[in-house]
Amino acid sequence: QEGLAYHGIVEDCCCDYETVDLINVEVLHPLLQQIVKYPFFRYFKVKLWCDCPFWPDDGMCRLRDCSVCECPENEFPETFRKPSGKGLSSDDLVCQEGKPEAAVDRTIDAKAFKGWVEVDNPWTNDDETDNAEMTYINLQLNPERYTGYTGPSARRIWDAIYLENCQKYPSEECQEKRILYKLISGLHSSISIHIAADYLLDEKSNRWGQNLSLMYERVLKYPDRVRNLYFTFLFVLRSVTKAADYLEQADYDTGNSLEDLNTQLLMKKLLHDHKLRAACPKPFDEAKLWKGQSGPELMKQTQKQFRNISALMDCVGCEKCRLWGKLQVLGLGTALKILFSDNGHELSPDNLQLQRNEVIALINLLNRLSESVKLVHEMGPSVERIYGKIIGGP
Ligand code: FAD
């Protein structure tokens, strides 16, 4: 990448930047964009209450753009629906963004998870079996973008994540300790890229568009933030390819036979694409980690830190940010669960068990990272040229 500070092999990974850009543009991005629109991947089950265990004073975000549009019941796939006669009547359902087609339904049906086991994920904090408090959100109605969430509340979350739970450890050579920092930093870069790519440019006229100077200021100006984005992308991609057998046979039933069949076929394509397999056979080598005597202890510590980060998502004071924060942290937790078990050994694909929600989070996270990598690849060099001169480097 001419002019950019990243080239060669992605640090701690097994593929170079050029190859990642190529497989992303030609294979991953087009496939993922289709997959996430199908019913199975469109609905995410989440507890959206602002239930912060750390700072009880932090209230809900009051900004209009922070609200999440929830799904009216008739929009759920048949197998996702609650039994009739329970829950709110349609008169009670008022969409928070004022769109009548996106009214709120906070009840769910355990049947929606038929064929999927409810197993604990040692990397995350949310209890997925806590059904009474959870609701389905149509992700397509709630794109990750600028919400106006900023200031001390947002800063407090990021500070807590970085300072308390995944410091950079600049003086240590320990790869395991760096991994968590890099994963979070890569996710943070991706969130910032999405904010800049879909920004409220003019509040009066409600004009949305790209804010390239923000993209430069928050991410492109810092080569390590770009590098961490690519690292996180490859890490999550590796977990998906490692779980390929499981994901290929998973139950994508939502009651829409044609759409479900397409979901299955597209997943198969994604998991076994020849170009992808040949260009980057093993995007990340997890077998190198947690070796040696201190391996199991390090793994335990890292798991605890990640669970804290997962719990911090309940403190995000803006609903839509909380939705995407929770989804993406669950996606990362699922990637960690696929690549590492809690006792220092790799989890074999034979004894892997994932919840429906974990699969949804994992694939939607991969899609978000893929979008960010594509944006950086396409816009990076010109944004760097223009704003690097105007604003100056770090
Ligand atoms: P911030 O992005 O808040 O960064 C804080 C500090 O972290 C920076 O000063 C820097 O020191 C460090 N930092 C920044 N980026 C990186 C990186 N990639 N790697 C390492 N360190 C870094 N806002 C929205 O508009 N839409 C959203 O969907 C949204 N989702 C969010 C989800 C979560 C979980 C959180 C915590 C916040 C979210 N926000 C969202 C808020 C957004 O991330 C910023 O906090 C906000 O825009 C203010 O930005 P800032 O310039 O103060 O820097």
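Visitor: Which residues touch the most other members of the largest nonpolar core?
Guide: Val20, Tyr230, Phe233, Leu234, Val236 and Leu366 do, out of 90 residues in that core. Helix H12 (residues 356-391) gives the most to this core, with 12 residues. The model is predicted: local features need pLDDT of at least 70, side-chain atom pairs count only at pLDDT 80 or more, and totals for chains, interfaces and linings use all residues. Numbering starts from 1 along each chain as its sequence is written.

Visitor: What makes a set of residues a nonpolar core?
Guide: Its members are buried Ala, Val, Leu, Ile, Met, Phe, Trp, Tyr and Cys residues, joined through C-beta atoms within 7 Å. A residue is buried if 20 or more other C-beta atoms lie within 10 Å of its own, exposed if 12 or fewer, and partly exposed in between, with C-beta atoms placed from the backbone. Of the 394 residues of the protein chain, 42% count as buried.

Visitor: Which residues is Leu366 in contact with, leaving aside its neighbours within four places in sequence?
Guide: Leu32, Val236, Leu237 and Val240. Contact asks for C-beta atoms, placed from the backbone, within 7 Å.

Visitor: What counts as a helix or a strand here?
Guide: Both are DSSP runs, numbered from the N terminus: helices are H or I with at least four residues, strands are E with at least two. The protein chain has 12 helices and four strands.

Visitor: How are H4 and H6 placed relative to each other, and why?
Guide: H4 and helix H6 (residues 223-242) pack at about 105°, with axes 7 Å apart. Axes are lines fitted to C-alpha atoms, for helices over the stretch in contact, and angles run from 0 to 180 degrees between N-to-C directions. Under 35 degrees is roughly parallel, over 145 roughly antiparallel, 65 to 115 roughly perpendicular, and the rest oblique. H4 and H6 are therefore roughly perpendicular.

Visitor: Which residues come nearest to the ligand?
Guide: Ala154, Ile157, Ser185, Cys321 and Gly325, of the 22 residues around the ligand. A residue is near if its C-beta atom, placed from the backbone, lies within 6 Å. H4 gives the most to this shell, with six residues.

Notes:
Two residues are in contact if their C-beta atoms, placed from the backbone, lie within 7 Å.
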